[in-house]
Amino acid sequence: MSDTEALMGSVKFKKSRKRLWITLGIIIIVVVALVGGFFYLHSKPSFCNAICHSPMNAYVNGYYGNDGKLLITAHADNGVSCLDCHEPALSEQLAEAGKWVTGNFNDPLEGRKFATPKFCLQEGCHNYDDVTKATGDYGGGENANPHSSHQGVMNCYECHSMHGTSTLFCNSCHSWELPEGWKNPDN
């Protein structure tokens with residue numbers, strides 16, 4: 001092999017090595033952009049029903065529906081998104097994906113009862129003293145404060161429905177005036 005042939009082989013090797021690094025760099029940039037885009041879109045409420053969760057349509061529509069009777073509207077108005085409360089655990093998402101693929105799910109979805117004081121009263125969400133003050137004279141009747149009652153601190157979901165009509169649990173026994181948009185337990 002002549003010196004010229006050796007030099008040409010070396011140049012070709014350097015060019016193909018440079019192309020390899022450029023190609024790898026482009027692939028890495030594309031993958032990072034796709035992953036970043038996925039996580040950005042995944043944080044938006046509209047993602048929940050865009051691809052696979054058609055049973056989520058009512059919930060997402062409620063989020064964007066601006067219905068003042070739904071608690072989700074107040075949360076949406078304050079910039080709280082679905083994933084602020086429904087933290088996506090990988091194991092749960094894989095299980096849900098399996099149910100979706102096999103069609104093994106209920107529509108409408110079964111409501112989850114995770115709205116407990118421990119969950120709702122955590123740092124950065126609700127403060128029980130503030131909630132109690134806000135409902136001190138809501139118009140339900142004499143000494144009517146559902147957040148300061150003989151029942152003690154109850155699970156929030158007993159009354160509050162994020163995506164549906166809230167129920168005044170106290171009216172299981174009492175006949176208090178209903179807040180606008182609420183219903184009695186027997187309805």
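## Close-up views of a predicted helical chain

**View 1. Tyr64 is partly exposed, with a relative accessible area of 48%.** The model shown here and in the other views is predicted. A value of 48% places Tyr64 in the partly exposed class, because that class lies between the limit of under 20% for buried residues and the limit of over 50% for exposed ones. Tyr63, in contrast, has a relative accessible area of 11% and is therefore counted as buried.

**View 2. Two aromatic pairs are found when the whole structure is searched.**

**View 3. Helix H3, which covers residues 57–64, has the buried residues Val60, Gly62 and Tyr63.** These residues lie on the same side of H3, because the arc that they cover around the axis is only 155 degrees. In an α-helix there are 3.6 residues a turn, so residues three or four places apart point the same way. On the face of H3 turned away from the buried side are the exposed residues Ala58 and Asn61.

**View 4. Asn66 follows H3 and has a positive phi, near 55 degrees.** Most residues other than glycine have a negative phi. Asn66 is not a glycine, although its phi is positive, at about 55 degrees. The loop between H3 and H4 is where Asn66 is placed, and with a relative accessible area of 57% Asn66 is exposed.

**View 5. His75 is located in helix H4, which runs over residues 71–77.** With a relative accessible area of 17%, His75 falls into the buried class, because buried means under 20%. When neighbours within four places in sequence are left aside, the residues in contact with His75 are Val80, His126 and Met162.

**View 6. Leu20, Trp21, Leu24, Ile27, Val31, Val35, Phe38 and Phe39 make a nonpolar surface patch of about 790 Å².** One of these patch residues, Phe39, lies in helix H1, which takes in residues 3–42. At 52% relative accessibility, Phe39 counts as exposed, because the exposed class begins over 50%.

View 7. Along the sequence, its pattern reads α-α-α-α-α-α-α-α. Of the 187 residues in the protein chain, 17% are buried, and the accessible surface comes to about 13,700 Å², of which carbon and sulfur atoms hold 58%. Among the contacts in the protein chain with a separation of 6 or more, 45% are made by residues 24 or more positions apart.

Methods: Residues are numbered from 1 along each chain as its sequence is written. This is a predicted model: local features need pLDDT of at least 70, side-chain atom pairs count only at pLDDT 80 or more; totals for chains, interfaces and linings use all residues. Side-chain values use heavy atoms; hydrogens and water are left out. Patches are made of residues with over 30% relative accessible area and no salt bridge: like charges are joined within 9 Å, nonpolar side chains (Val, Leu, Ile, Met, Phe, Trp, Tyr) within 5 Å. Accessible areas come from the Shrake-Rupley method with a 1.4 Å probe; for residues, only the protein chains shown count as cover. A salt bridge is a side-chain nitrogen of Lys or Arg within 4 Å of a carboxyl oxygen of Asp or Glu. Helices (H or I, at least four residues) and strands (E, at least two) are DSSP runs, numbered from the N terminus. Buried means under 20% relative accessible area, exposed over 50%, partly exposed in between (1.4 Å probe, protein chains only). Rings of Phe, Tyr and Trp (its six-membered ring) pair if their centres lie within 6.5 Å; planes under 30 degrees apart count as stacked, over 60 as edge-to-face and the rest as tilted. Contact means heavy atoms within 4.5 Å. The arc is that of the directions from the helix axis to the C-beta atoms.
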